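Q: I have a sequence and a model open side by side, and I would like to learn how to read the features one after another. Could we go through them together?

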Amino acid sequence: ICGTKMIADGQNIPFATFLGFNAEKIPDIDLNFPSDYQQKAHDSTKDIFGEHNVFRAGTIGTVEEKTAFGYVKGYYEKKFHLDSKKGEDIFTRVSRNDVAYLASKCVGVKRTTGQHAGGVMILPKGRSIYEFTPVQYPADDKESSWLTTHYEYRAIHDSLLKLDLLGHVDPLALRLMSELTGIDVHDIPMNDRDVISIFTSIRALKMKSNVLDAKTGSLAIPEFGTTTAIQTLVETQPHSFSDLVIISGLSHGTGVWAGNAEKLIVSGEKTLREVIGCRDDIMISLSSWGIDKSDAFKIMEFVRQGKPCKDPATWAEHAQFMTEHNIPEWYIESCHKIKYMFPKAHACAYVMSAIRIAWFKVYKPIYYYAAYFSIRSDDFDIETMTKGYDAIKSNMEDIK
């Protein structure tokens, strides 16, 4: 209607991808906090769910191949009374193949237990934690205020809700820029044309010179500032928030971009908006092509876990089903190549953070760089920096 103000907000994310159709799926919830606030966030879960209903997610460290080789080598040195410091070599007494064989039997053996960096397991009220896992104090510290699951979180994450309450530098940077400028980051629009433009050009940054021959203005923007990410931006040419969400999904997935979507886009066969970026895209696309939502959900779940290669028999059934429903062959083949897919909600959260930080880079550069050099930079090459642009560029080329 003429004169109606349109609100550009929200993404097409089926709720079933979060909880399933009948709440049968354990949700995956990640929350990023400023690193100096992370512990407070962890402690808050005790207030929300009850002190006896939250546990730190345990991890199990296993013996790796190189470590196992060292164990066996050390065993033979003791057995033959050899001194490696004197140059005495065990391989004059035993073959390298024998050492490697014994080492292979040690690989994967439990070595240590620890804690997930931000994982908190939530126990439903009325249930005992011992129905799911033993618990222990971290590092045998009985004074610790937290108990840790003895079983690794991967073994029980389909039975207990796990919250990833992570310490992250991006919320810290945004908080600093907000405090310095008095600008509420929630008021920053997600569709500012100049901000979106820096993901494909440097025009909006109004640089006096382009010493580093930058093709985009996304350098040092989280998720979009690495060499690989910038190359992806150059190849895909995003022009909207939604485009960036697709790229975020492509970059975090496995078997999604390289040899898959990249090939389709670079060849001109498909556009960025046509390829599969996030796991939710599969359910949305299949549903739009006439497949029942419950069937689309099953196929999405199968593909996003990389099962087409692990379970070819079941995949053949899904592929045949999609062919019978006139799903394009290129789409079916793209699904077959996927090993892991990123959830769209996570991609949206990352892009929102990136857009907010990019907004400060475009409109409040002094504060953007103040936050960058205060929080993200750990070291400075003063010697090179004092020699001018040519020396800096030369050094960076050497690093590349």
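Q: Which residue in E6 is the bridge partner of Met121?

A: Before the answer, keep in mind that this is a predicted model. As a general idea, the strands of a sheet pair through backbone hydrogen bonds, either parallel or antiparallel. In this structure the bridge partner of Met121 in E6 is Lys162, and for Val120 the bridge partner in E6 is Leu163. These pairs belong to the contact between strand E3, residues 110-122, and strand E6, residues 161-168, which run antiparallel and are joined by 4 bridges.

Q: How many bridges join E2 to E3, and how many join E2 to E5?

A: Between E2 and E3 there are 8 bridges in the antiparallel sense, and here Thr62 has Lys110 of E3 as its bridge partner. Between E2 and strand E5, residues 148-152, there are 2 bridges, and these two strands run parallel; Gly58 has Glu152 of E5 as its bridge partner.

Q: Turning to the helices, at what angle do H16 and H17 pack?

A: Two packed helices are described by the angle between their axes and the distance between the axes. Here helix H16, residues 344-363, packs with H17 at an angle of about 125°, and the axes are 5 Å apart, which means that H16 is oblique to H17. On the H16 side the contact holds Ile357, Phe360, Lys361, Val362 and Tyr363, and on the H17 side these meet Pro365, Tyr368, Tyr369 and Arg376. Sorted by class, the contact of the two helices has 7 nonpolar, no polar and 2 charged residues.

Q: Which residues line the largest cavity?

A: The lining of the largest cavity is made by Ala173, Met177, Ile357, Tyr368, Ala371, Tyr372 and Arg376. Two elements give two or more residues each to this lining, namely helix H6 (169-181) and helix H17 (365-376), and H17 provides the largest share, with 4 residues. The lining has 6 nonpolar residues, no polar ones and 1 charged residue. The count is 1 cavity of 30 Å³ or more, and about 30 Å³ of space lies in the largest cavity.

Q: How much space lies in the largest pocket, and which residues lie nearest its centre?

A: The largest pocket holds about 1,900 Å³ of space. Its lining counts 45 residues, of which Leu212, Leu219, Tyr369, Ile392 and Met396 lie nearest the centre. Helix H8 (227-236), H16, H17, helix H18 (382-385) and helix H19 (389-399) are the elements that give two or more residues to this lining, and the largest share, 7 residues, comes from H19. By class, the lining of the largest pocket divides into 22 nonpolar, 11 polar and 12 charged residues.

Q: Which element gives the most to the lining of the second largest pocket?

A: H16 gives the most to that lining, with 8 residues. The second largest pocket has about 1,500 Å³ of space and is lined by 44 residues, with Asp28, Ile29, Asp30, Pro343 and His346 nearest its centre. The elements that give two or more residues to this lining include E1, E6, H6 and H16. By class, 20 residues of the lining are nonpolar, 9 are polar and 15 are charged.

Note on methods. Residues numbered from 1 in each chain as written. Predicted model: local features only at pLDDT ≥ 70, side-chain atom pairs only at ≥ 80, totals over all residues. Heavy atoms only, no water. Pairing = 2+ DSSP bridges. 1 Å grid on protein atoms, 1.4 Å probe; cavity = no way out; pocket = protein on both sides within 12 Å on 5 of 7 lines; lining within 4 Å. Points joined across faces, edges and corners; volume = space filled by probe spheres on them. Nonpolar A, V, L, I, M, F, W, Y, C, P; charged D, E, K, R; others polar. Axes fitted to C-alpha atoms, helices over the stretch in contact; angles between N-to-C directions. Parallel < 35°, antiparallel > 145°, perpendicular 65-115°, else oblique. Contact = heavy atoms within 4.5 Å.
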